[in-house]
Amino acid sequence: MAGVAGRLARLWCSGALSSPLQVTRFPALQLHLCGPAMRASQKDFENALNQVKLLKKDPGNEVKLKLYALYKQETARRNYVDLVSSLSASSESSIQVTPAADRKQPGSDALVVTSQDGITTITLNRPDKKNALTTQMYHDIILALEAASKDDSAITVLTGNGDYYCSGNDLTNFTDIPPGGVEEKARSGAVLLRDFVDCFIDFPKPLVAVVNGPAVGISVTILGLFDIVYATDRATFHTPFSHLGQSPEGCSSYTFPKIMGPSKATEMLVFGKKLTAREACTQGLVTEVFPDSTFQKEVWVRLKAYSKLPPNAMRISKQVIRNTEKEKLHAINAEESNVLRERWLSDECMNAVVSFLSKKAKL
Ligand SMILES: CCCC/C=C/CC(=O)SCCNC(=O)CCNC(=O)[C@H](O)C(C)(C)COP(=O)(O)OP(=O)(O)OC[C@H]1O[C@@H](n2cnc3c(N)ncnc32)[C@H](O)[C@@H]1OP(=O)(O)O
């Protein structure tokens with residue numbers, strides 16, 4: 001695998017790949033760009049890579065993102081073959097192979113929703129990926145919030161499983177390029193972002209973030225739309241948008257200056273300054289910080305007590321607080337999503353994403 005990865009890296013780092021048009025002149029590589037249904041043999045793939053080595057110019061970021069996606073497919077294919085080989089090698093193997101149709105759909109395990117003691121808890125559950133948000137997870141969170149807004153719980157909580165709260169947008173989302181290309185991807189991403197943030201703006205009940213560890217990107221910006229933010233003292237708050245060639249979302253361009261003042265907001269949103277939990281609390285983004293050793297216990301005791309308060313009174317009080325700003329927040333969300341759609345198409349953003357993916361794939 002490292003061989004294929006290394007070759008891909010050398011191709012684009014050395015400038016060996018040329019334009020997307022030139023790449024599609026090579027039938028074997030084209031087969032791979034068309035996906036698993038038209039999969040070329042490993043030999044075809046190796047041949048294609050040798051062919052593209054002869055090209056002179058950079059292939060462009062769209063092709064690099066496709067190459068990364070193909071590299072992941074290739075890895076998955078090899079893992080599949082290895083697993084089946086290991087099963088055949090040991091006829092006494094105890095591994096049960098579940099028929100594909102019976103398996104849970106991707107994404108379903110990545111979000112866990114529970115309801116207890118008047119509290120609905122939505123838990124991000126991809127601890128091995130620091131709870132990075134896949135496209136599926138954005139959709140699932142929207143559905144979970146819609147359900148929670150109508151269930152009989154008094155309070156809704158968002159938290160993370162594992163050492164991180166959330167590492168923000170899963171940057172591999174960028175490799176899932178539809179037939180309409182990166183423009184279509186950016187358009188659909190902006191619609192999803194807007195719908196996702198709208199749900200937080202409109203959420204009718206008290207919404208609490210239980211920040212169990214570091215938080216990055218969109219998981220930080222939407223905190224400005226929560227009613228309470230409790231954090232472990234291990235948490236940090238980081239919005240590296242400029243580093244990623246991106247711009248603020250989650251209404252943070254409005255809520256952060258309002259919460260912490262324009263210059264502190266600029267340090268975070270423009271210069272990517274990472275705040276400790278205590279700094280975030282001093283600046284008003286976090287409601288209260290707890291020692292990590294007692295964080296879960298203290299927070300849940302507190303929330304269980306709050307959940308016994310009259311639910312209608314809490315809902316109406318929240319409406320009174322939120323309603324004066326709702327229209328404005330929706331307008332800001334729409335504007336931020338539009339700006340980001342453009343940003344996602346910029347070289348600054350594409351280069352940053354390709355650089356992250358190259359490091360991740362150890363290319
Ligand atoms: C609808 C769309 C809205 C889009 C708007 C959102 C804007 C944002 O959210 S921008 C912020 C995007 N997030 C990042 O830039 C964070 C990227 N990740 C990291 O910098 C590091 O992984 C992190 C500091 C979070 C953790 O570092 P480590 O403690 O060293 O752990 P690893 O890097 O080894 O991470 C383990 C594993 O998880 C993968 N990972 C983590 N975060 C992401 C992510 N955001 N996207 C994709 N993958 C992520 C990481 O690559 C590792 O994977 P493997 O190597 O496969 O094990």
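A residue is called buried here if 20 or more other C-beta atoms lie within 10 Å of its own, exposed if 12 or fewer, and partly exposed in between, with C-beta atoms placed from the backbone. By that rule Cys251 is buried, because 26 other C-beta atoms sit within 10 Å. This is a predicted model, in which local features need pLDDT of at least 70, side-chain atom pairs count only at pLDDT 80 or more, and totals for chains, interfaces and linings use all residues. Residues are numbered from 1 along each chain as its sequence is written.

**Overall layout**

The protein has 15 helices and nine strands; these are DSSP runs (H or I, at least four residues, for helices; E, at least two, for strands), numbered from the N terminus. Of its 363 residues, 37% count as buried. Take two residues as in contact if their C-beta atoms, placed from the backbone, lie within 7 Å. Among contacts between residues at least 6 apart in sequence, 77% then join residues at least 24 apart.

The domain assignment, which is automatic or from a database, gives domain 1 (3-87) and domain 2 (111-351). Their contact takes six residues from domain 1 and eight residues from domain 2. On the domain 1 side, the touching residues divide into three nonpolar, one polar and two charged. For these classes, Ala, Val, Leu, Ile, Met, Phe, Trp, Tyr, Cys and Pro count as nonpolar, Asp, Glu, Lys and Arg as charged, and the others, Gly among them, as polar.

**The core**

A nonpolar core is a set of buried Ala, Val, Leu, Ile, Met, Phe, Trp, Tyr and Cys residues joined through C-beta atoms within 7 Å. The largest one has 80 residues, and Val208, Val211, Val229 and Ala231 touch the most other members. Both domain 1 (3-87) and domain 2 (111-351) give residues to this core, so it lies between them. Leaving out residues up to four places away in sequence, Val229 touches Ala209, Val211, Leu223, Leu285, Val286 and Thr287.

**Around the ligand**

Counting a residue as near if its C-beta atom, placed from the backbone, lies within 6 Å of the molecule, 22 residues surround the ligand, and the closest are Ala132, Ser167, Gly168, Asn169 and Gly217. By class, this shell has 10 nonpolar, seven polar and five charged residues. Helix H7 (residues 181-202) gives the largest share, four residues.

Ser188 is also in helix H7. With 15 C-beta neighbours inside 10 Å, Ser188 counts as partly exposed.

Most residues other than glycine have a negative phi.

| Residue | Phi | Loop between |
|---|---|---|
| Lys130 | about 55° | strand S2 (119-124) and helix H6 (135-150) |
| Cys251 | about 70° | strand S7 (236-238) and helix H9 (252-260) |

Lys130 counts as buried too, with 20 C-beta neighbours inside 10 Å.

Thr324 sits in the loop between helix H13 (311-323) and helix H14 (326-344). Thr324 counts as exposed because it has 9 C-beta neighbours inside 10 Å.

Helix H15 (residues 347-360) has 14 residues and reaches 20 Å from its first C-alpha to its last, close to the 20 Å expected (1.5 Å times one less than the number of residues). Cys349, Ala352, Val353, Val354 and Leu357 are buried in H15. Just after H15, Lys362 takes a positive phi of about 50°.
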